[in-house]
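Here is a friendly walk through one model. Please keep the viewer open as you read.

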Amino acid sequence: MAESTLSTRGAELAQGPNMRDLAGAILGTPWDPTKNPDVIVNIGTAENHPMLGDVADFVKSKDLEIDGPTMDYGEGPWGSTRLRNGMARFMNRHFKPHTPIEPDELNSVNGCTSLFSMLGTTLADPGDGVLLTMPSYVAFATDVSLISRVKPVFVPFGDTDQFSPDCIRHYESARRKAENEGIRVRMLMLCHPHNPLGKCYPGDTLVALMKFCNKHKIHLIADEIYAMCVYEIPEPDAVPFTSVLSFDYSQYIDSNYLHHVYGMSKDFACGGLRIGTLWTKNKDLSRAISAISQFHYTGQLDDRVACLILEDEIWLDNFLKTSRERLATSNKLAKQLLNEASIKYASGSNAGLFLWINLRPWLKGEGSDDEWVREEKLMKKLLGNNVFITPGKGQASETAGHFRLVFSREEACLREGIKRIVKTLEEH
Ligand SMILES: Cc1ncc(COP(=O)(O)O)c(C=O)c1O
């Protein structure tokens, strides 16, 4: 191969995995039953589709009051005072924090994705470790480590329910193993509600996690981006959402080690706005984050639109209620279609936009293929039949054959996507 013209780091980035390779086929042309029936049906990307029109109509109905200064830099890349006031008020109403959130405790940048990278850079040194559950949100490992060079340390749970306090012994052994290999564990990414499992953590597990992090001086980062996507369904094991912020956390963890991430991409169906907010009481961290936030600026127009949404509380509460109802409806339809096809899915989920489905019975390959090769083969067949769901390998699944299926789609799209999955399984 010709020598790269880039730096070592640039060359590694150029050769590594790249979203852009997939984007053309999966994100480029959205499926439409009449206009684009022959493209990929994307039921893999976590977007709150049934609510997009509602939020767009709301913004169109408002006067954005754009004036000259709106087109300038604004107050600075940590979010306008108006945005941080609006977000603090929202969090105080909906997360029921033990101590009220103050706007000054918030830093707002262009998305939670940016925050993960910034937190990796500011909380850990290259070669230090970050604990991640198995399975994990598909982008956590890359987002935290790509720039910071922090090492992902995945925690397997085997037969233990990772939502029970018993999970701690698995975090403990993953931590100990990493430390024995010379990796100092500095962070733990907690996705609550969990992506891709769609479940909330019970209070006693959250307390146990706070104590575990406190004991080992590990920064606990609670990503609660799906907090308002908790829907009502008849699931006997379903656990309601209780924010980490609602605990008197100072009993369990030094507040310098607890950080909270929230954004507008899921609950507000506004992935295009690029708003991600960090709450921390750690003043050093807040300063370090704002020192690099000029690389992660939210534009003033996004900031302004976010303020309008956050400030109309009557409309917003109604929007969140409708979103939860539509999620329950789509979840029910997805389960019905999966049941009809005898496809199993993880039980007990009541949150997020997805189901964790089990296609293990359909893993096939040559005799010497291991199960991950078989998963990849199945994935290629699914893509060949123009349907995208997210394979377990990239999500650090413990065993092959699990996929994340996003049900928050218009009915026709969801039906067509599952139809294509079923067709692929029949042919496979
Ligand atoms: C758990 C989780 N956190 C963060 C994000 C991305 O957030 P943002 O759009 O604010 O970058 C996602 C997107 O899928 C997610 O699932």
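## Around the ligand

The shell around the ligand consists of 5 nonpolar, 7 polar and 1 charged residues (Ala, Val, Leu, Ile, Met, Phe, Trp, Tyr, Cys and Pro count as nonpolar, Asp, Glu, Lys and Arg as charged, and the others, Gly among them, as polar). In total 13 residues surround the ligand, and Gly111, Cys112, Thr113, Gly263 and Ser265 are the closest; a residue belongs here if its C-beta atom, placed from the backbone, lies within 6 Å of the molecule.

A word on the model itself: it is predicted, so local features need pLDDT of at least 70 and side-chain atom pairs count only at pLDDT 80 or more, while totals for chains, interfaces and linings use all residues. Residues are numbered from 1 along each chain as its sequence is written.

## The chain as a whole

The protein chain has 13 helices and 13 strands, taken as DSSP runs numbered from the N terminus (helices H or I, at least four residues; strands E, at least two). Its C-alpha atoms fill a box of roughly 60 × 60 × 55 Å along the principal axes.

Helix H4 (residues 81–94) and helix H10 (residues 300–311) have axes that come within 9 Å and cross at roughly 35°; axes are lines fitted to C-alpha atoms over the stretch in contact, with angles from 0 to 180 degrees between N-to-C directions. H4 contributes Arg82, Leu83, Gly86, Met87 and Phe90, and H10 contributes Asp303, Ala306, Cys307, Leu310 and Glu311, where contact means C-beta atoms, placed from the backbone, within 7 Å. These residues divide into 6 nonpolar, 1 polar and 3 charged.

Phe90 of H4 is buried, because 22 other C-beta atoms lie within 10 Å.

## Backbone details in the loops

Two cis peptide bonds deserve a look: His192 to Pro193, with omega about -5°, and Asn195 to Pro196, with omega near 15°. Pro193 sits in the loop between strand S5 (185–191) and helix H8 (203–216), and Pro196 is in the loop between S5 and H8 as well.

| Residue | Phi | Loop |
|---|---|---|
| Glu65 | about 50° | between helix H3 (52–61) and H4 |
| Ser342 | about 55° | between helix H11 (313–340) and strand S9 (344–345) |

Glu65 counts as exposed because it has 8 C-beta neighbours inside 10 Å. Ser342, with 9 such neighbours inside 10 Å, is exposed too.

Definitions and conventions. Two residues are in contact if their C-beta atoms, placed from the backbone, lie within 7 Å. A residue is buried if 20 or more other C-beta atoms lie within 10 Å of its own, exposed if 12 or fewer, and partly exposed in between; C-beta atoms are placed from the backbone.
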